[in-house]
Amino acid sequence: MTENDNYGFDTRAVRAGHRRTAEGEQGEPIFPTSSFVFASAAEAAARFAGDIPGNIYSRFTNPTVRTFEERLAALEGGERCVATSSGMAAILSTCMGILKSGDHIVSSRSVFGTTVVLFNNYLKKFGVDTTFVALSDMAAWEAAIRPQTRLLFLETPSNPLSELADIQALAQLAHKHHCLLVVDNCFLTPALQQPLAMGADIVIHSATKYLDGQGRCIGGAVVGTEQLVGKDVFGFLRTAGPTMSPFNAWVFLKGLETLSLRMRAHSDNALRIALWLEQQSVVRQVNFSGLPSHPQHDLACRQQKHFGGVLSFEIAGGKAEAWKFVDATRLVSITANLGDTKTTLTHPATTTHGRLSPEEKQAAGISDGLLRIAVGLEDVADIQNDLAHGFEALR
Ligand SMILES: *Cc1c(COP(=O)(O)O)cnc(C)c1O
């Protein structure tokens with residue numbers, strides 16, 4: 001497919017990136033090969049010198065991985081995508097490819113916990129400092145920017161409180177200060193939110209979540225311009241080697257074919273569960289950008305096509321009550337993963353955010369009564385009936 005710009009999202013999701021071989025296959029092939037052969041010594045030399053394009057070695061390029069990359073780039077509206085071995089490898093490769101010692105990052109405080117560890121414990125060792133700010137506080141973002149700031153980094157909606165960042169406003173702020181805006185688009189995917197079209201420079205994915213959608217593989221991706229992603233990030237990736245395997249790339253590229261169907265279904269189910277949770281007497285608050293009661297619901301309607309599958313809610317009581325609720329369920333999976341067909345239930349205060357001190361938890365809004373649900377694709381009535389076991393246990 002060479003007319004990506006003219007095809008709609010769903011057509012690109014199904015067809016972009018597949019260059020049919022002489023075998024005439026309908027399904028995309030997997031190329032499980034570590035290296036590639038050349039017709040002659042001269043061709044080998046020309047490929048190594050970069051004088052002619054073509055595959056050399058699967059740490060650099062692989063046709064199945066390329067199909068996934070071209071398909072995701074077409075969906076995010078980016079010039080270039082590079083696939084990585086995990087979502088964390090995507091974030092690391094972006095930082096290593098673009099930053100140098102002395103540079104500074106301003107990051108939302110409400111990002112994936114391991115991202116905070118990467119910035120604080122590892123990038124710091126190499127002279128890259130990070131300042132964390134409240135996701136929706138524009139004044140705090142601007143105040144944290146220094147002459148050395150190179151990246152602004154965020155996720156929206158945030159996990160687990162579903163706070164939003166105004167991507168367009170932050171892109172303008174970033175560019176005013178000659179910084180790049182990096183958006184981890186894991187929670188909504190390009191089916192529901194396209195940060196590049198709103199001015200972001202780089203989109204990050206943990207493909208492990210909704211791009212796969214069925215909880216099978218670990219993978220990641222970086223999408224952006226030819227210069228930033230095709231040269232700077234890819235340069236690090238092909239050297240350091242956190243590349244995606246062709247088997248995983250095949251799973252992910254098939255996942256993209258059903259992405260918008262699944263994201264719509266996750267979103268519809270989550271909205272129904274969120275509205276139902278709001279009616280439960282022991283529920284103090286439901287955090288979901290699709291609810292009219294959400295303080296940034298207007299922004300959500302403007303920058304998202306729908307609201308995604310992840311929500312959280314706070315019950316009256318603390319850890320004992322929250323654990324009692326979790327342990328009373330029978331259908332939903334007690335696991336911290338998300339982006340799966342199967343609904344998952346987590347107690348953030350003792351799992352994903354368990355490392356934080358009590359003060360840090362309070363600052364981050366992670367109360368002991370908070371529970372997070374990543375709503376799957378089961379029947380909504382069955383999910384509700386199962387959560388009702390949790391509410392019964394609290395009576
Ligand atoms: C899971 C996740 C990551 C890390 O991805 P891995 O594939 O587990 O390395 C990064 N960002 C977000 C928002 C995530 O949910």
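Contact here means heavy atoms within 4.5 Å. Helices (H or I, at least four residues) and strands (E, at least two) are DSSP runs, numbered from the N terminus. Helix α11 (residues 259-278) lies across β8, β9 (310-315) and β12 (370-374), and runs at about 10 degrees to β9; axes are lines fitted to C-alpha atoms, for helices over the stretch in contact, and angles run from 0 to 180 degrees between N-to-C directions.

The model is predicted: local features need pLDDT of at least 70, side-chain atom pairs count only at pLDDT 80 or more, and totals for chains, interfaces and linings use all residues. Residues are numbered from 1 along each chain as its sequence is written, and side-chain values use heavy atoms, with hydrogens and water left out.

**Ligand site**

- The residues around the ligand are S86, G87, M88, F112, E155, D184, C186, F187, S206, T208, K209 and G219; a residue is near a molecule or strand if one of its heavy atoms lies within 4 Å of it.
- This shell has four nonpolar, five polar and three charged residues, where Ala, Val, Leu, Ile, Met, Phe, Trp, Tyr, Cys and Pro count as nonpolar, Asp, Glu, Lys and Arg as charged, and the others, Gly among them, as polar.
- D184 places a polar side-chain atom 2.6 Å from a nitrogen atom of the ligand; a polar contact is a pair of N or O atoms within 3.5 Å, and within protein one must be able to donate a hydrogen and the other to accept it, while residues adjacent in sequence count only if both atoms are side-chain atoms.
- Taken alone, the ligand exposes 380 Å², and the protein buries 92% of that (accessible areas come from the Shrake-Rupley method with a 1.4 Å probe; for residues, only the protein chains shown count as cover).

**Seven-stranded sheet**

- Seven strands form an open sheet with mixed pairing, in the order β1-β7-β6-β5-β4-β2-β3; two strands pair if DSSP finds at least two bridges between them.
- The edges are β1 (80-84) and β3 (129-133), each of which pairs on one side only.
- Neighbouring strands of this sheet are turned by 20 degrees against each other on average, direction ignored.
- β2 (residues 104-108) and β4 (residues 149-155) pair in the parallel sense over four bridges, and V106 stands opposite L152 in β4.
- Helix α5 (residues 113-122) packs on the sheet and touches β2, β3 and β4; its direction makes about 140 degrees with that of β3.
- Helix α7 (residues 167-176) also packs on the sheet, touching β4 and β5 (180-184), and its direction makes about 150 degrees with that of β5.

**Five-stranded sheet**

- The open sheet of five strands runs β8-β9-β12-β11-β10, with mixed pairing.
- Its edge strands, β8 (283-287) and β10 (333-334), each pair on one side only.
- β10 pairs with β11 (residues 344-346) in the parallel sense over two bridges, with I334 opposite L345 in β11.

**Loop between β4 and α7**

- Most residues other than glycine have a negative phi, and most peptide bonds are trans.
- The peptide bond from T156 to P157 is cis, with omega near 0 degrees, and P157 sits in the loop between β4 and α7.
- N159 and P160 are joined by a cis peptide bond with omega about 5 degrees; P160 is found in the loop between β4 and α7.
- S162, found in the loop between β4 and α7, has a positive phi near 60 degrees and is not a glycine.
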